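Please have the view open as you read along.

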Amino acid sequence: MSLLLKPVLRFSTTFDIRSKFLINTAKNLFNKSNFQQKNGFPLQHLTFQTIQRKDMHSKVVIIGSGPAGHTAALYLSRATLEPVMFEGFLANGFAAGGQLTTTTDVENYPGFPEGIMGQEMMDKFRQQSLRFGTKIITETISKIDLSSRPFKLWREGMENQAPDTSDSLIVATGAAAKRLNLPGEDVYWQKGISACAVCDGAVPIFRNKPLAVVGGGDSAAEEALFLTKYASHVYVLVRRDKLRASKVMANRLLSNPKVTVTWNTIPIECKGNGQLLNLLITKDTKTGEEKELPVNGLFYAIGHVPATELVKDQLELDTDGYIITKPDSTYTNVEGVFAAGDVKDKKYRQAITSAGSGCMAALECERWLSEQHPE
């Protein structure tokens, strides 16, 4: 993402009241001292770019600006398709760049042997997209119409104005991990609290330390077992008296000597030294008894919420709200619409797999466009 401190505004001959709103919003946010803690990124990384063009038409629009969206943009730009990316203005609760803007060290993405901060990595993604000609607009798409082509898209705050249009669309809006919003969670998010053991479990602050996982399903079991490679011990906090995990996963979890499952237990507060987490307050769901659990890490494994509100009535979704794509592809049930990244991936949810599906979406979109408009 750009490191500009001041909004970048572009106007047509008509003054854009949306730009005024963005400036006022930014000023208000700057006055909130806890904004960075709650959202996990420095506010000065925000860049506001509004482009008012009546009936702006594109060959392809990308909604979303995580690894999937930027990889798609890179491929499409190099194919001279002039993609337009709506990176969002705090869309889905995240800064442009998605979930990675709330993470610290990223050590499992190829090409960065010393690791890289999540915010810095997404800045590099953005710079590369811009280098090859992607037009990036820092606004959120709030409404779309996929009933006919060209597809219609309305920007947030401009729903009553003429829409932008596009011949094709790549949905890369991502997903957000469910959080418990415990007291102290904002302070220690990414300072001991995480929603991805595979992403963060190997970082130094967790090595040879006691850790806790919240959840009782297969994901919780998998994350806890993964963490045993690095932790001194792993506590699994289950709010009921049994696991929801499959029998095989439950047996693996319960038989591991480095794992202790605490039944009928939920975390109710996170504490630390102001820099790192070092203590959880837990509560027995049956007796109400509260206890202290000294741990240096808390991992949420209670599910994710895909950002599909925008398309829920127009694209086919599964029971968990993820976009369904055709096998081994990014094609959705609407011709000309492709989905990439965590908005369609409930299994892996990694930056590298998101980038891979962004590449797939771009290649398939390029092929589809060439079939629709052969030269």
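## The disulfide

The structure holds 1 disulfide. Keep in mind that this is a predicted model. The partners in the link are Cys196 and Cys199, whose sulfur atoms sit 2.1 Å apart. That distance counts as a disulfide because the cut-off is a pair of cysteine sulfur atoms within 2.5 Å. In general, such a link is a covalent bond between the sulfur atoms of two cysteines.

What is the handedness of the link between Cys196 and Cys199? The link is right-handed, with 70° about the S-S bond.

Cys199, with a relative accessible area of 25%, is partly exposed. The cut-off that matters here is that buried means under 20% relative accessible area.

Two further cysteines are worth a look. Cys270 is buried, at a relative accessible area of 4%. Cys365 is buried as well, and its relative accessible area is 0%.

## Aromatic rings and charges

Now to the rings. The count of aromatic pairs comes to 6. Which residues form one aromatic cluster? Tyr109, Phe112 and Phe125 do.

Two tryptophans have a charged side chain over the ring. Lys143 lies over the face of Trp154, 4.6 Å from the ring centre. Arg179 lies over the face of Trp189, at 3.7 Å from the ring centre.

Notes. Residues are numbered from 1 along each chain as its sequence is written. This is a predicted model: local features need pLDDT of at least 70, side-chain atom pairs count only at pLDDT 80 or more; totals for chains, interfaces and linings use all residues. Side-chain values use heavy atoms; hydrogens and water are left out. Rings of Phe, Tyr and Trp (its six-membered ring) pair if their centres lie within 6.5 Å; planes under 30 degrees apart count as stacked, over 60 as edge-to-face and the rest as tilted. A charge sits over a ring if NZ of Lys or CZ of Arg is within 6 Å of the ring centre and within 35 degrees of the ring normal. Buried means under 20% relative accessible area, exposed over 50%, partly exposed in between (1.4 Å probe, protein chains only).
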